[in-house]
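Thanks for asking me to look this one over with you. Keep the viewer open and follow along point by point.

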Amino acid sequence: MKKTLFFSILVTILFFSSCGNERSTEESSNTETSSENTSSDDDNTNEVSVEEMSRKKELLTSLIGNYTLDYIEGAMGANGMVEYTLHDAEWRALASSIEEGVREAYDFDLTSADQKKINSMLISVSDDLTVTFSSNGKDYFSVLFSEEGMSYNLAKPVADYYSVIPEALTPTTKFVNSDLYLYAEDGFKEGELEGADILDIGADAMMLTYNESSKSFELSIFYADCCDTGIYTFK
């Protein structure tokens, strides 16, 4: 009787011990699998980050050189529009506005001083990937290369701006769709952008992007609190 009881107890102990070992092995296996999955997720995140950073550097490296003005378009007031186009090395200007429900277009003359100022506008990408905008021999801004994002100097939340600034813009922005965002700044004092504000809209803000689709730099010079905007395309 005692032998039978002892044997039953021994079998019970061995059974629970075996179950405990199996659970321990299974938990260890699950922990290792979870660790592998986490490591894989981190690797994927790093790959995406490195890929995005490389995209910016690779693009700017391919753009080293100088880019001259190719086209200007602007919107002023409630319905005013203007465009500057280049014809045989001479710039022509066309404006339009709505009169009695009909949009009326008209040409206006550009002086030799106007022509000279327009032709002096330049975007340059140096060997160290610094991007500079200049007009009439004056540098208005230079953007040092950074993998961390763009040169962001906006005083207010982007939702407070009326015109060209996308809602997704942050200091860490690199690309929004096919546009590389390089620079945004407001708070320029009256007259500070006079040499660059060809459309004379009283601009106090600027933003620079590069569009991969059109293969052009786009410089927006605008009045941050309202609707007056000039977009300058460089190729």
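Which residue in the turn of the E1 and E2 hairpin has a positive phi? Keep that in mind as you read; point 2 comes back to it.

1. **What you are looking at.** This is a predicted model, in which local features need pLDDT of at least 70 and side-chain atom pairs count only at pLDDT 80 or more, while totals for chains, interfaces and linings use all residues. Residues are numbered from 1 along each chain as its sequence is written, and side-chain values use heavy atoms, with hydrogens and water left out. The protein chain has 2 helices and 13 strands; these are DSSP runs numbered from the N terminus, H or I of at least four residues for helices and E of at least two for strands.

2. **The hairpin.** The answer to the opening question is Gly-77, whose phi is about 65°, in a hairpin where 3 residues lie between E1 and E2. Strand E1 (residues 65-76) runs antiparallel to strand E2 (residues 80-87), and 6 bridges join the two. Strands pair if DSSP finds at least two bridges between them. To find one spot in this pairing, look for Glu-73, which stands opposite Glu-83 in E2.

3. **Other partners of E1.** Strand E13 (residues 229-234) is also antiparallel to E1, again with 6 bridges. Here Leu-69 faces Phe-234 of E13. Strand E5 (residues 122-125) is joined to E1 by 4 bridges and runs antiparallel to E1 too. In that pairing, Thr-68 has Leu-122 as its bridge partner.

4. **The largest pocket.** This pocket holds about 270 Å³ of space. On a 1 Å grid over the protein atoms alone, a pocket is an open set of points with protein on both sides within 12 Å along at least five of seven lines, a cavity is a set where a 1.4 Å probe fits but cannot get out, and lining residues have an atom within 4 Å of a point. Volumes are the space filled by probe spheres set on the points, with grid points joined across faces, edges and corners. The lining has 16 residues, and those nearest the centre are Leu-193, Glu-194, Asp-197, Ile-198 and Asp-200. Helix H2 (residues 112-120) gives the largest share, 3 residues. By class there are 6 nonpolar, 2 polar and 8 charged residues; Ala, Val, Leu, Ile, Met, Phe, Trp, Tyr, Cys and Pro count as nonpolar, Asp, Glu, Lys and Arg as charged, and the others, Gly among them, as polar.

5. **The second largest pocket.** About 190 Å³ of space lies here. Its lining has 14 residues, and Glu-73, Gly-74, Met-81, Val-82 and Glu-83 are the closest to the centre. The classes are 8 nonpolar, 4 polar and 2 charged.

6. **Packing inside.** Which residues of the largest nonpolar core touch the most other members? They are Tyr-84, Phe-133, Met-206, Phe-217, Tyr-232 and Phe-234, out of 41 residues. Such a core is a set of buried Ala, Val, Leu, Ile, Met, Phe, Trp, Tyr and Cys residues joined through side-chain atoms within 4.5 Å. Buried means under 20% relative accessible area, exposed over 50%, and partly exposed in between (1.4 Å probe, protein chains only). Of the 235 residues of the chain, 35% count as buried.

7. **Two loop residues to check.** Most residues other than glycine have a negative phi. Asp-88, in the loop between E2 and E3, has a positive phi near 50°. Leu-129, in the loop between E5 and strand E6 (131-135), has a positive phi near 70°. Is each one buried or exposed? Asp-88 is exposed, with a relative accessible area of 80%, whereas Leu-129 is buried at 5%. Leu-129 is also one of the residues that line the largest cavity, whose volume is about 40 Å³.
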